[in-house]
Amino acid sequence: MATGELWFKVPSAIKFVITGKPSEYVSGKDVILHIIDKIGVDGALYKSMEFVGDGIQYLTMDDRFTICNMAIEAGAKNGIFPVDDQTIAYIEKHSKKPYEIFEADEDAEYEQVVEINLSTRRSSDLTITGTKMIKVTLTQMPDGTFYIKNFVGETYKNNKWSEFSLSDLEKAAAILKGKKVADNVRVMVVPATQKIFLQCIQKGLAEIFVEAGCAFNTPSCGPCMGGHMGVMAKGEKCVSTTNRNFVGRMGDTEALIYLASPQVAAASAIAGYIANPEKVGKE
């Protein structure tokens, strides 16, 4: 405070080479959960996570924001993508400020190189941290819980930045449309901001959620931090699209929290157990 300066250690870097084109239901959330499962929650402790490769062209800005935002869940100091045409188009749409592009040196040294081939992955093996797509039935009393929300939108309160988290709700709504959630579960849908809340109403997403049997709520942290709106009870199981599943975070220390993408959460809400969105409606 006295000098106006802060001391930081320059982090070493891990390069994640992402290749291949993902299937329809594989999102940025699936990718980062898979990476965290692969390297561990402390696998990038105080390191920089750099995502490169021809596969990133298939990742939207929403996907990239989600991946970078959750780098901290692997202990990283930061998560970064190289600038491409998609990045520049986004910047020019959302900001009038001048910018400078930085690129990694050709001879940059990396502590580790991890390869991720999206074309060989499906939502069934990219989602649910620490597990495969096992049949976890949500029948604990009073109910199982599904919590559909991406908190990235709250990281950037400025409305110009918060627009992208709407896509998560659109993905969930596409699966829930015309269907009903299982009788044994409760589904909490929480938009990231007031702007997203209004867009959900204007685009008809709110109607889809309500007709499917979900509780469509006003923006807040909600049950994610164990505050209110469906806090987990002892023995309950939850599929959450939030960033963290620390013991006791969403309520009782004996509640089980499975992290997943919006598509998996929506599919599981319909099935009543952790389900593959590719198979919902076909079983």
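**Salt bridges in a predicted model**

Reader: The side chains of Asp63 and Lys171 meet in a salt bridge. How many residues apart are the two?

Author: Good place to start! This is a predicted model, and here the N to O distance for Asp63 and Lys171 is 3.8 Å. Since a salt bridge needs that distance to be within 4 Å, the pair counts. Asp63 sits in helix H2 and Lys171 in helix H7, so the pair links distant parts of the chain, 108 residues apart.

Reader: Which residue forms a salt bridge with Lys47?

Author: Lys47 lies in the loop between helix H1 and strand E2, and Lys47 is buried, at 14% relative accessible area. Its partner is in the loop between helix H3 and strand E4, so the pair ties together parts that are 64 residues apart in sequence. The closest N and O atoms are 3.5 Å apart, and the partner is Glu111.

Reader: What is the N to O distance between Arg64 and Asp84?

Author: Arg64 is in helix H2, and Asp84 is in the loop between strand E3 and H3, 20 residues apart. Arg64 counts as buried at 4% relative accessibility, whereas Asp84 is partly exposed at 23%. Their side chains meet in a salt bridge with an N to O distance of 2.9 Å.

Key
Residues are numbered from 1 along each chain as its sequence is written. This is a predicted model: local features need pLDDT of at least 70, side-chain atom pairs count only at pLDDT 80 or more; totals for chains, interfaces and linings use all residues. Side-chain values use heavy atoms; hydrogens and water are left out. Helices (H or I, at least four residues) and strands (E, at least two) are DSSP runs, numbered from the N terminus. Buried means under 20% relative accessible area, exposed over 50%, partly exposed in between (1.4 Å probe, protein chains only).
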